[in-house]
Amino acid sequence: MSHRVEIEYCTQCRWLPRAAWLAQELLTTFETELEALALKPGTGGVFVVRVDGEPVWDRREQGFPEPTAVKRLVRDRVAPERSLGHSDKPAPSEQ
């Protein structure tokens with residue numbers, strides 16, 4: 001099954017570069033699992049990552065994500081059996 005990831009970012013805050021960088025990280029990691037990855041312009045400080053329409057990260061609740069944290073959340077939805085290698089180790093702030 002192919003999955004769709006959407007990154008909604010705030011255009012007023014000029015977060016396109018951050019969203020594009022995260023998109024690149026996810027597309028590189030999940031190139032066979034993802035059908036599409038969309039960048040969705042928004043306003044009001046939004047930065048939300050969704051997998052198949054379900055939010056997995058919201059900046060308003062969790063702050064800005066580290067790519068490894070988002071990769072783990074996306075992996076849990078699109079390829080739970082897959083190892084992410086060094087990205088599977090929790091960051092010091094998560095221990």
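**Figure 1. What covers the buried residues of helix H1.** Strands S1, S2 and S3 (47-51) and helix H3 (67-78) are among the elements covering the buried residues of H1. Contact here means heavy atoms within 4.5 Å. Helices (DSSP runs of H or I, at least four residues) and strands (runs of E, at least two) are numbered from the N terminus. The model is a predicted one: local features need pLDDT of at least 70, side-chain atom pairs count only at pLDDT 80 or more, and totals for chains, interfaces and linings use all residues. Residues are numbered from 1 along each chain as its sequence is written, and side-chain values use heavy atoms, with hydrogens and water left out.

Figure 2. Which residues of H1 are buried? They are Ala19, Leu22, Ala23, Leu26 and Thr29. These residues cover an arc of only 135 degrees around the axis, so they sit on the same side of H1. The arc is taken from the directions that lead from the helix axis to the C-beta atoms. Pro17, Gln24 and Thr28 are exposed on the other side of H1. Buried means under 20% relative accessible area, exposed means over 50%, and partly exposed lies in between (1.4 Å probe, protein chains only).

**Figure 3. The length of helix H1.** H1 has 14 residues. At 1.5 Å a residue, they should span 20 Å. The expected span is 1.5 Å times one less than the number of residues. The end C-alpha atoms of H1 are 20 Å apart, which agrees.

**Figure 4. Thr29 in helix H1.** Thr29 belongs to helix H1. This residue is buried, with a relative accessible area of 15%. Its side chain reaches the backbone oxygen of Glu25 at 2.9 Å. The side chains of Thr29 and Lys71 make a polar contact of 3.3 Å. A polar contact is a pair of N or O atoms within 3.5 Å; within protein, one must be able to donate a hydrogen and the other to accept it, and residues adjacent in sequence count only if both atoms are side-chain atoms. Leaving out residues up to four places away in sequence, Thr29 touches Lys71, Arg82 and Leu84.

**Figure 5. The β-α-β unit of S1, H1 and S2.** S1, helix H1 (residues 16-29) and S2 form a right-handed β-α-β unit. Right-handed means that, with the strands pointing away from the viewer, the path from the first strand over the helix to the second runs clockwise. Strands S1 (residues 3-10) and S2 (residues 34-42) run parallel and are joined by 8 bridges. Two strands pair if DSSP finds at least two bridges between them.

**Figure 6. Glu35 in strand S2.** Is Glu35 buried or exposed? Glu35 is exposed, with a relative accessible area of 61%. Glu35 lies in strand S2. His3 is 32 residues apart from Glu35 along the chain, and their C-alpha atoms are separated by 5.3 Å. Not counting residues up to four places away in sequence, Glu35 touches Ser2 and His3.

Figure 7. S3 and strand S4 (residues 54-58) run antiparallel, joined by 4 bridges. Their hairpin has 2 residues between the strands, and Asp52 takes a positive phi near 50 degrees. Arg50 lies in S3. Its bridge partner in S4 is Pro55. The side chain of Arg50 makes a polar contact of 2.7 Å with that of Glu6. Another, of 3.0 Å, joins the side chains of Arg50 and Glu8.
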